Amino acid sequence: MRKLFAVAAGCLVAFALVALFDFIGSALYPVSGDINAADTATLAALIASIPLPAKVLMVVGWLASPLGGAWLALRIADGHWVGWVVTLVFLVAGLVDQAMLPHPLWMQICAVVMPLLGGWLAQKLHHKPYPEIGRASCR
């Protein structure tokens with residue numbers, strides 16, 4: 001049950017972080033036009049008109065979000081696979097986003113690489129929360 005909660009909490013944090021990065025990007029670099037347009041050509045033109053710094057901020061969010069979510073899941077459950085589950089959920093959502101919205105090729109590549117890098121970094125940054133407690137109880 002703890003691992004299930006860890007995955008749910010990690011996913012919630014990851015998606016909240018990516019929403020925050022998207023919000024900051026859209027606040028700093030507002031896009032004029034109907035972003036909810038059903039026409040693929042209109043969406044492609046809107047995404048192409050987004051300034052490069054806003055796109056870079058979005059890609060940084062794709063790194064930071066699974067990193068934060070996976071790290072939290074690892075902190076809660078301390079099982080290395082929970083971080084990868086959060087990362088894979090985020091990766092699948094990113095791939096669905098790439099399939100629905102036309103992004104430049106470099107962003108499509110980053111949509112795969114950055115979440116995996118974020119999950120890997122979470123694994124490297126995570127340390128058992130209290131390593132001394134286990135040793136003290138064995139004495």
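Predicted model: local features only at pLDDT ≥ 70, side-chain atom pairs only at ≥ 80, totals over all residues.
Colleague: Contact means heavy atoms within 4.5 Å, so which residues of α3 meet which in α4?
Modeller: From α3 there are G61, W62, S65, P66, G69, A70, A73, L74 and A77, and they meet H80, V82, G83, V86, T87, F90 and Q98 of α4. Helices here are DSSP runs (H or I, at least four residues), numbered from the N terminus.

Colleague: How do the residues of that contact divide?
Modeller: Into 9 nonpolar, 7 polar and no charged. Ala, Val, Leu, Ile, Met, Phe, Trp, Tyr, Cys and Pro count as nonpolar, Asp, Glu, Lys and Arg as charged, and the others, including Gly, as polar.

Colleague: At what angle do the axes of α3 and α4 cross?
Modeller: Roughly 150 degrees, and the axes of α3 (residues 52-77) and α4 (residues 80-100) come within 7 Å. The two helices are therefore roughly antiparallel (an angle over 145 degrees).

Colleague: New topic. Which residues lie nearest the centre of the largest pocket?
Modeller: D22, I50, M58, L101 and H103, out of 26 lining residues.

Colleague: Which element gives the largest share of that lining?
Modeller: α1, with 6 residues. The elements giving two or more residues are α1 (2-28), α3, α4 and α5 (105-125).

Colleague: And how do the lining residues divide?
Modeller: Into 18 nonpolar, 6 polar and 2 charged. A pocket is an open set of points on a 1 Å grid over the protein atoms alone, where a 1.4 Å probe fits, with protein on both sides within 12 Å along at least five of seven lines; lining residues have an atom within 4 Å of a point.

Definitions and conventions. Residues numbered from 1 in each chain as written. Heavy atoms only, no water. Axes fitted to C-alpha atoms, helices over the stretch in contact; angles between N-to-C directions. Parallel < 35°, antiparallel > 145°, perpendicular 65-115°, else oblique. Contact = heavy atoms within 4.5 Å.
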